[in-house]
Amino acid sequence: MIAQKQIKQSAYNSDGFIKKYQRLIKEEVLPYQYGVLCDQAEGAEKSHVIANFINAGKALRGEDPQDGFYGMVFQDSDAAKWLEAAAYSLTVFPDKELEKIADDLINIIEEAQDSDGYLNTRFTISEKEKRWQNLHEAHELYCSGHMMEAACAYYEAVGKDKLLKIMLKNADCIYNRFIIQKKGGFPGHPEIELALMKMYRVSGDIKCLELAKYFINERGRDTHFFENEAKSRDWTVWGSNPSDLDYMQCGKPVREQSIATGHAVRAVYLYAGMAELAAETDDTELFSACRRLWDSITKRRMYITGGIGSTVLGEAFSVDYDLPSDTAYAETCASIGLMFFASAMLRNEINGEYADICERAFYNGVLAGMQLDGKRFFYVNPLEVIPGISGESPTHRHDLPQRPKWYACACCPPNVARLISSFGKYAYGENANTVFCHMFASGNVKFENGVEIKCSTNYPYGFEINYSIIKGGKKIAIRIPKWSKTFSVKINNKIEQVKPEKGYVFINASDGDEIVLTLDEAANFVYPSPRIPRLTGSIALCRGPLVYCFEGVDNDNDILSLKINTKEAPKASDYDNGLLGGVSTITVSALRTGDTDDLYFDEEPDEKRCSAIAVPYYTWGNRGINQMRVWMPRT
């Protein structure tokens, strides 16, 4: 039984902090990224995505594809995620020029689709005989999944169904191979599972639901599938190990899985699809597996920032409590996937912890992935950076001290764009009797059940959230974050004693009601579990949903000699509109250890009292290369 569903992005007209970011996506990120896809962005890695689709169309017409295919085997997905981001952006900022660019791209994609519905530029431009021969590595289903998501978003945003029809034809092609012809197999990189669930909800095509069930249920049944597949061909993409079942989450059938393993993005994409299917089919066994995997991630394998995947080796989960700050991987896409998983869990069960994690991942793990000007991006999100070591030492080469303009493997930049543009889908939900405020986002929301509200807040830097009920008649469920030690609720200027139920307060909302939620605005120290060996004797700083970090530029270019005095309470500054796009800083009492030329010494070093300044983690790396730490030693 579905507990609640996401709203459509078109139902949310944003304002405040979120609208600022969505405007950045529209005005800077989408044009910049489209320039990259067209190989027109100066200084950025070559993409060639649009050219690949054009060349695939030429190949299908028997023309010379000229420069052939360029890029990663999953290069098509960059165009899909850009289209999805553009679709969501059009719901907030209608723009005929952007819509035409998207329509023209869809026309190019249509010409790249084979007559049987197959759509993949890599295997259309060349090597057609290799189609479907390498489910382990070739990402054909992954690329289809992302284009399906784009098709659903574009149809819901502007009402045009050309891309939806293209992808329904593609789904028929996949259905014919795996269901009718019974060729067998499942994707090496999960993604199509959650995409097929979206396609089913938008189109009503039962074949999409059947395919989602098939790929989820088939996973882990034949643990030798990828090994046998590899033996049957004489080529590979990367030389990946087909026997590494944990890496691909296929060591057991999904209903038997309990521990989040392997490539972190693959994992949460899979788990999101599982949770979506569990809600749609009321599959309690599947949901129980999702719950175990959720606990595995959030209770033992997640960074304070909502980052997941602690090792560069396979971009993967390692083992419980292995959460190093300086060699963290914490791919931006993994935090986005964690938000997908959290939102899918909310479809099954109203529980504030899912929205708590969704919020943590967004404000820290996701926003940190993009520079404040929208033109540089992190793939990897470390919690400690030391210039001269980070990005240079062989053990730290993946942890860069500044964001590049683009990547050869460019999954993260368009993923950030589509997530921010679709924020309303994660902030609000509904069922027949209730509207849900999972995250605090200014703007107007029109729900399908007839309720209309206006939310006004300066969140995440202001902690008063005002809801004006324009049209009521249902319950409004407002999340009380776990981080907020105190809260108060006023209804029509009268303080009400309301008790949270699983993290939400439920209020009967009538036309014209004014509801004011006030949350705890204090900055506070956060202590790590003693089971995390790298963090013994450390503290971090948080305020509201924001994790803070210390940068050298604010602290005499040296944070390594600082120890934080936890006996004095941290103090948040007033909001500074001129700093880092607008932030509040936090000042703490600290001790600074005197420097010496000796590598080791046997006398106690001098320590001087001082103050240390912290900024929100998502803003780090915007003022040049300098030191950064989230976790600091404490006195």
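Biologist: Which helices each supply at least two residues of the lining of the second largest cavity?

Modeller: A word on the source: this is a predicted model, in which local features need pLDDT of at least 70, side-chain atom pairs count only at pLDDT 80 or more, and totals for chains, interfaces and linings use all residues. Residues are numbered from 1 along each chain as its sequence is written, and side-chain values use heavy atoms, with hydrogens and water left out. A cavity is a set of points on a 1 Å grid over the protein atoms alone where a 1.4 Å probe fits but cannot get out, and lining residues have an atom within 4 Å of a point. Helices are DSSP runs of H or I with at least four residues, strands are runs of E with at least two, numbered from the N terminus, and the helices you want are α3 (76–92) and α6 (140–158).

Biologist: How much space lies in the largest cavity?

Modeller: There are six cavities of 30 Å³ or more. A volume here is the space filled by probe spheres set on the grid points, which are joined across faces, edges and corners. The second largest cavity holds about 50 Å³, and the largest holds about 100 Å³.

Biologist: Which element gives the most to the lining of the largest cavity?

Modeller: Among the lining residues are Leu194, Lys198, Arg201, Glu276 and Phe340. Two or more residues come from each of α8 (192–203), α11 and α13. The top contributor, with three residues, is α8.

Biologist: Is Arg347 buried or exposed?

Modeller: Buried means under 20% relative accessible area, exposed over 50%, and partly exposed in between, with a 1.4 Å probe and protein chains only. Glu276 has 10%, so it counts as buried. Arg347 has 5%, so this residue is buried.

Biologist: Where does Lys375, the salt-bridge partner of Glu28, lie?

Modeller: The side chains of Glu28 and Lys375 meet at 3.6 Å, N to O. Glu28 belongs to helix α1 (residues 16–37), 347 residues apart from its partner, and Lys375 lies in the loop between α14 (352–366) and β3 (384–385).

Biologist: How many salt bridges does the structure hold?

Modeller: In general, side chains of opposite charge can pair when their charged atoms come close. The structure's total is 43.

Biologist: Which strands are the edges of the open sheet of seven strands?

Modeller: Two strands pair if DSSP finds at least two bridges between them. The order is β2-β6-β7-β8-β13-β10-β11, with antiparallel pairing. Edge strands pair on one side only, and they are β2 (12–14) and β11 (494–496).

Biologist: Which residue of β7 stands opposite Lys446?

Modeller: Strand β6 (residues 443–446) and strand β7 (residues 452–457) pair in the antiparallel sense over four bridges. Opposite Lys446 stands Glu452.

Terms used: A salt bridge is a side-chain nitrogen of Lys or Arg within 4 Å of a carboxyl oxygen of Asp or Glu. On a 1 Å grid over the protein atoms alone, a cavity is a set of points where a 1.4 Å probe fits but cannot get out, and a pocket is an open set with protein on both sides within 12 Å along at least five of seven lines; lining residues have an atom within 4 Å of a point.
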